[in-house]
Amino acid sequence: MQFLLKKSTVVLAIILLIGLALPASAQAAPWWFCAIAPLLCVAKTVFGWALNTVGTTFGEAIANILVGLITIIPGTIFFFVAGVTNWIISLSVNTGVVPGGLLPPPLFVVNAFNLTRQIANIFFLLILVFIGLATILRLQEYQLQRTLPKLILIALLVNFSAVFVGFVVDVANIITLFFLRGMIGTGFSLAGFGTLLTSVTGEIHNIFVAGGSTGQSLGSSIALGFALALFFAFASLVFIAIAIIFLLRVVILWTLVMLAPLAFLAFILPGTKKFWDQWLHALIQWSFLAVPIAFFMWLAQMILLSGVS
């Protein structure tokens, strides 16, 4: 146990010394340096940021370094998870869902949609026979004059059910991409981490300027670091959940597309119309689910880049 503790202390000291030795003229390291040594790249970001304030007071500089050490691991994990989540959202929004669209879906979705459309066309004949029998038996809800117009309309629309689904999904994706375009490649990156640390530097400076002993100011700064670390940990879990939701969104939309002809078919008869209502509700819900999530991710990034208040 003591050997592991000594080993961890030595590794941390080496990273600290290398981070301190790196030039602190910029917040973020070059891309080639990050590719070769990602941990040292993050160390340069944190320690270079801390050294920029060493000219103020020794206690404030120590507070900056301690806060950087506290937030370096959860902060790096958060910005990595957020960046991957951003990429997954962009990928899911730009994944083909509807057969015949500009972005075709997988082949199994196309084949399943064609199969259900053929089954729906066969059932039109059976429903027509059922309507004739209901008219003879004088069943009010299923008589010819009430159900035949629906039958003719749905028979025409069922072959364009993919177009209807594509319209709903495209409207949701356009609104989602409006917010995503303002996010990709700006905030959830190492540069965004550096921007956040710069704002934290201002907060630490305000704590020391506000008065009080150096110990109290140092304690308040450390508390700020732990609060920020907890935020990063919680936000990472939230972004992982968002990534899973968007992956499920693609799968569920594929399923709804495959069932679209049968859902249109269910609209004809009063007894089966509830299945149409359930399908339509699921289509709207899972299509527009991306809009509020993208909006709040965009809003969170704007708050993140504007600094800590």
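Is Lys273 buried, exposed or partly exposed? I started my notebook with that one, and the reply is that Lys273 is partly exposed, at a relative accessible area of 28%. A reminder to myself before going on: this is a predicted model.

**Entry 1: the overall fold**

I looked up the elements of the protein chain and found eleven helices and zero strands. Read from the N terminus on, the order is α-α-α-α-α-α-α-α-α-α-α. The chain has 309 residues, and 40% of them count as buried. I also checked the accessible surface, which comes to about 16600 Å². Carbon and sulfur atoms account for 77% of that surface. Next I turned to contacts between residues at least 6 apart in sequence, and 77% of these join residues at least 24 apart.

**Entry 2: the salt bridge**

Back to Lys273. How many salt bridges does the structure hold? I found one, and it joins the side chains of Lys273 and Asp277 at 3.4 Å, N to O. Side chains of opposite charge can pair when their charged atoms come close. Both Lys273 and Asp277 sit in helix H10, which covers residues 273-288. They are four residues apart there, about one turn of the helix.

**Entry 3: Ala235**

Is Ala235 buried or exposed? Its relative accessibility is 8%, so I noted Ala235 as buried; the cut-off for buried is under 20%. This residue belongs to helix H9, residues 214-266. I then picked Phe79 to compare positions with Ala235. The two are 156 residues apart in sequence, yet their C-alpha atoms are 9.6 Å apart in space.

**Entry 4: two helices packing**

My last stop was helix H4 (residues 58-93) and helix H7 (residues 161-180). At what angle do H4 and H7 pack? I wrote down about 150°, with the axes 10 Å apart. That angle makes H4 roughly antiparallel to H7, because angles over 145 degrees count that way. On the H4 side, the contact is made by Asn86, Ile89, Ser90 and Val93. On the H7 side, Asn173, Thr176, Leu177 and Leu180 take part. I also noted the handedness: the crossing of H4 and H7 is left-handed.

How values were computed
Residues are numbered from 1 along each chain as its sequence is written. This is a predicted model: local features need pLDDT of at least 70, side-chain atom pairs count only at pLDDT 80 or more; totals for chains, interfaces and linings use all residues. Side-chain values use heavy atoms; hydrogens and water are left out. Buried means under 20% relative accessible area, exposed over 50%, partly exposed in between (1.4 Å probe, protein chains only). Contact means heavy atoms within 4.5 Å. Accessible areas come from the Shrake-Rupley method with a 1.4 Å probe; for residues, only the protein chains shown count as cover. A salt bridge is a side-chain nitrogen of Lys or Arg within 4 Å of a carboxyl oxygen of Asp or Glu. Axes are lines fitted to C-alpha atoms, for helices over the stretch in contact, and angles run from 0 to 180 degrees between N-to-C directions. Angles under 35 degrees count as roughly parallel, over 145 as roughly antiparallel, 65 to 115 as roughly perpendicular and the rest as oblique. A crossing is left-handed if the near helix is turned anticlockwise from the far one by less than a right angle, and right-handed if clockwise.
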